[in-house]
Amino acid sequence: MADKDDIKAGKNFAPDVPAKNDPFFLKGAGALDWGMQNRLARIFNPASGRTVMLAFDHGYFQGPTTGLERIDLNIRPLAPYADVLMCTRGALRTSIPAEVTKPVALRCSAGQSILTELSNEMIAVDIEDAIRLGACAMAAQVYIGAEYEHKSIANVTKLIDTGTRYGVPTLAVTGVGADMQRDERYFSLATRICAEIGAHYVKSYYFEPGFENVVAGCPVPIVIAGGKKLPERDALEMAYKACDQGAAGVDMGRNIFQSDSPIAMIQAVNAVVHENATVDNAFTLYEDLKADLLRQRAAE
């Protein structure tokens, strides 16, 4: 506590210097409250305006898919290289040490499996538990054009309302069924609906042509899903094209943890997203890091 007997009047008020009030760096977030902006600034790097999210929430409907058999062995070593961990509360509590201080985008939808209709989800995490876990964002799927479209939109709307009450952003994830066209018309509709109902950022897919138009028409940031496993160079090229056309980063899972060298791959993705590395340079980085890691293991 300050000593009341030695109070000195302030003198250096710098009246000739205007008060500084910098605009918030993230698209569509300038009018949000301080707590919401602070969480978003932990998700998106203020220097680049982008993020590398590591997605390993697949088990909530896929079970122990390849690369996620042991989260403690396969994902934990990747955490230092990610900006954000995208996961379920079960994976977080059981397999990620609390000493890992990376921000968490918490998967809050569930209620189905790969054996049933994917769009028939519910909100499976209460806002209090999300806060208890220190989540920086809550995520749920939106299935535009699917059988349970209305229910999925209602789910995200619920997250937005409760999250706004406590300053926790909502990530709306655009789900695409097997029969849906992955084109400009569909993603323009899906991402815009997510933004219009109040999502603070949107996870979508990269596609050609027209991705830059979808980004321009969405008033909040779009991060791209990695999708199915691609050859490493192809995945880096997808990330490069998406960021070059306005994406605010990636939320990659299988293209990292199913890679031949996941630690090398996530570092190469970082180079693309945050340093604007070319595809050739990023792929060379991947190969060099992969070779270094193999040499280290051989020497152990």
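**The helix trio**

Guide: Start with helix H9 (residues 232–244) and H11, whose axes come within 9 Å and cross at roughly 25° (axes are lines fitted to C-alpha atoms over the stretch in contact, with angles from 0 to 180 degrees between N-to-C directions). H9 is therefore roughly parallel to H11 (under 35 degrees is roughly parallel, over 145 roughly antiparallel, 65 to 115 roughly perpendicular, the rest oblique). Bear in mind that this is a predicted model, where local features need pLDDT of at least 70 and side-chain atom pairs need 80 or more, while totals for chains, interfaces and linings use all residues. Numbering runs from 1 along each chain as its sequence is written, and side-chain values use heavy atoms, without hydrogens or water.

So who touches whom? On the H9 side you'll find Glu232, Ala235, Leu236, Ala239, Tyr240 and Cys243, meeting Met265, Ala268, Val269, Val272 and Val273 of H11 (contact means heavy atoms within 4.5 Å). That set comes out as 10 nonpolar, no polar and 1 charged (Ala, Val, Leu, Ile, Met, Phe, Trp, Tyr, Cys and Pro are nonpolar; Asp, Glu, Lys and Arg charged; the others, Gly among them, polar).

Now bring in the third partner. Helix H11 (residues 262–275) packs on helix H12 (residues 279–299) at about 155°, with the axes 8 Å apart, so these two are roughly antiparallel. H11 contributes Ile263, Ala264, Met265, Gln267, Ala268, Ala271 and Val272, and H12 answers with Ala282, Leu285, Tyr286, Leu289, Lys290 and Leu293. By class, you get 11 nonpolar, 1 polar and 1 charged residues there. Met265, Ala268 and Val272 of H11 turn up in the contact with H12 and also in the one with H9.

H9 and H12 close the trio: their axes come within 9 Å and cross at roughly 140°, which makes H9 oblique to H12. Here Glu232, Arg233, Leu236, Glu237 and Tyr240 of H9 meet Val279, Asp280, Ala282, Phe283 and Tyr286 of H12.

Zooming out, the protein has 12 helices and 10 strands (DSSP runs numbered from the N terminus: helices are H or I with at least four residues, strands E with at least two). Its C-alpha atoms fill a box of roughly 70 × 55 × 40 Å along the principal axes. 8 of the strands close into a parallel barrel, in the order E1-E2-E3-E6-E7-E8-E9-E10 (strands pair if DSSP finds at least two bridges between them). Neighbouring strands in that sheet are turned by 25° on average, ignoring direction. Helix H7 (residues 184–196) lies across strands E6, E7, E8 and E9, running at about 160° to E7.

Most residues other than glycine have a negative phi, and most peptide bonds are trans. Yet Glu208 and Pro209 are joined by a cis peptide bond, with omega about -5°, and Pro209 sits in the loop between E8 and helix H8 (211–217). Ala14, in the segment before helix H1 (34–43), has a positive phi of about 45°.
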